[in-house]
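Please have the viewer open as you read.

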Amino acid sequence: MRGARSAKWVAGAIGVALAATACGGDGGDNGNGGSGEGGGSASAVFSIDAGEPQNPLIPTDTNEQYGALVIDNVFANLVDFDEEGGLVYTAAESIEANEDATEWTITLRDGWTFHDGEAVTAESYVNAWNWAAHLSNNQKNSYWFADIEGYDEVHPEEGDATAEEMSGLEVVDELTFTVTLSSPVSYFNYKLGYNPFTPLPSSFYDDPQAFGQEPIGNGAYKFASWERDSKITLEAYEDYQGDNKPQNDGVELVNYNNLNAAYNDLLSGSLDILRQVDTQNLPVFQDDLGDRAISQPYMANQTLVPVFYSETWEDTDPRVLQGLSMAIDRETIVSTVLNNSVTVATGFVAPGAMGFQENAGGEIMEFNPERANELIEEGGGVPGNEITIQYNADGGHEAWVTAVCNSIRQNTGVECTGDAKPDFQTDLNARDAKEVDSMYRGGWIADYPLNVSFMKELYGTGSSANTGFFSNEEVDALFAEGDAAASVEETVAAYQEAEKALFEHMPAIPLWHQGVNGGFSENVENVRFDVTGQPVLTEVTVK
């Protein structure tokens with residue numbers, strides 16, 4: 001249902017989009033793109049747009065896109081995923097579970113080394129996981145080890161740790177270790193495709209902070225240098241044992257705080273790969289780049305996340321958030337401000353992930369101003385009748401945040417304004433410090449291709465990515481039920497029911513599913529983006 005008011009606020013948003021200078025996306029979407037078969041050779045270094053990592057480059061302290069771009073290439077996971085989301089063994093030779101999925105045996109491929117020459121062994125993994133899980137080491141991603149038996153002793157919810165190591169980890173031999181879980185997790189092998197589960201060399205423990213400035217991994221690229229607020233350089237690792245050996249000599253990850261500038265550098269040939277075109281260039285980039293333009297979906301979404309520690313949302317009825325959701329004209333924003341570069345969301349889970357449901361949110365995801373106002377009134381209204389949406393100004397979000405606020409304001413009378421932070425790092429730090437005033441822009445890329453990744457990691461009590469600090473016993477119980485299911489298929493089905501329940505409690509307001517809208521220069525070939533929306537750096541060839 002659209003009327004004159006919709007036309008008015010969309011026109012205003014388009015004006016903002018065309019005038020925007022701080023641009024870009026949340027980085028990454030899935031699928032294929034690029035030139036296909038090329039005639040390039042591994043003879044040079046290429047460049048790609050990036051940004052400053054939030055934290056030192058330690059796998060278990062990195063959960064944002066700029067640090068992840070480094071970690072994902074300097075370290076190799078036990079498993080990765082193909083274009084259909086299927087498991088592919090990388091550093092693992094095999095991963096086997098017992099009948100009830102409580103004990104997993106992991107066998108490593110032989111001959112792998114860290115970039116300093118040290119052999120990668122079962123102990124390299126066990127030691128790294130124990131260190132990361134321990135309360136005293138304060139790692140963002142320690143939560144990922146919570147399934148393992150003994151985690152509650154090294155990382156109790158209250159008080160000090162009572163053990164140094166998790167009882168569920170045991171080295172069998174040089175290339176084999178077992179993982180005993182405190183309860184069944186049918187999809188534990190999928191979780192091993194995320195970077196907290198990478199190994200660490202023995203030198204890490206001498207000085208973890210120093211290591212984070214010059215990481216030593218086991219991946220296809222080795223760390224070369226980090227020029228702060230400028231670029232990070234990676235070099236191809238000649239002794240890499242994986243099947244995905246680099247077809248180039250290395251890559252420069254160039255820091256941009258304005259993706260319009262990055263786009264212009266791409267057009268001039270000064271930048272080789274742009275992961276996300278800024279909002280103002282979406283209408284023209286395919287014409288500008290021709291067959292070097294990439295436009296495709298991937299497993300990621302954009303949401304508005306209320307912070308439940310704030311006065312606005314701490315005790316507010318979920319019907320208020322349901323109403324705000326129904327006041328947003330997603331289709332018009334997507335077709336105008338975002339030039340159909342994304343797809344309207346109907347649930348929390350992105351297409352492509354196992355368990356995606358076509359219309360999980362029902363009417364709550366539909367534009368209906370009349371019903372929106374009814375729900376807001378039934379829920380007692382928005383405290384103070386005002387909300388803000390925090391976002392990073394270097395990410396190209398100003399135009400759509402303005403459009404969303406205009407839609408809410410004109411359809412409900414609730415005052416809505418954007419709260420711009422200068423860069424992504426500042427935005428993330430405010431979330432971690434519980435300094436968000438009302439809501440923040442939430443962008444999420446699947447860590448593994450199951451619907452679980454769009455729910456438990458974001459909305460489970462205590463999850464490291466739950467920086468809205470949502471907590472609900474019913475939701476946690478549904479997640480636990482799904483985790484304990486006998487098979488991956490049953491887990492996915494249980495989480496489908498959990499997704500429907502999320503719309504009763506509204507831990508966030510889904511907006512749309514992300515898409516790769518990027519491109520590459522005439523200097524490179526064989527450019528492809530994977531299921532997480534990141535470019536596959538190892539396949540790039542330089543002319």
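Is M506 buried or exposed? In this predicted model, M506 is buried, with a relative accessible area of 0%. The residue sits in the loop between α16 and β17 (509-520). Its backbone deserves a glance too: M506 has a positive phi of about 55 degrees, although it is not a glycine.

N385 is another non-glycine residue with a positive phi, here near 55 degrees. You will find N385 in the loop between α11 (369-378) and β14 (386-392). N385 is partly exposed, at a relative accessible area of 38%. Here are the two residues side by side:

| Residue | Phi | Relative accessible area |
|---|---|---|
| M506 | about 55 degrees | 0% |
| N385 | near 55 degrees | 38% |

Now for the helix pair. Helix α15 spans residues 473-483 and helix α16 spans residues 488-505. They pack at an angle of about 170 degrees, and their axes are 8 Å apart. Angles over 145 degrees count as roughly antiparallel, so α15 and α16 are roughly antiparallel to each other.

Which residues of α15 and α16 meet? On the α15 side they are E474, V475, L478, F479, G482 and D483. Their partners in α16 are T491, A494, Y495, A498, A501, L502, E504 and H505. Sorted by class, this contact of α15 with α16 has 8 nonpolar, 3 polar and 3 charged residues.

How values were computed
Residues are numbered from 1 along each chain as its sequence is written. This is a predicted model: local features need pLDDT of at least 70, side-chain atom pairs count only at pLDDT 80 or more; totals for chains, interfaces and linings use all residues. Side-chain values use heavy atoms; hydrogens and water are left out. Axes are lines fitted to C-alpha atoms, for helices over the stretch in contact, and angles run from 0 to 180 degrees between N-to-C directions. Helices (H or I, at least four residues) and strands (E, at least two) are DSSP runs, numbered from the N terminus. Angles under 35 degrees count as roughly parallel, over 145 as roughly antiparallel, 65 to 115 as roughly perpendicular and the rest as oblique. Contact means heavy atoms within 4.5 Å. Ala, Val, Leu, Ile, Met, Phe, Trp, Tyr, Cys and Pro count as nonpolar, Asp, Glu, Lys and Arg as charged, and the others, Gly among them, as polar. Buried means under 20% relative accessible area, exposed over 50%, partly exposed in between (1.4 Å probe, protein chains only).
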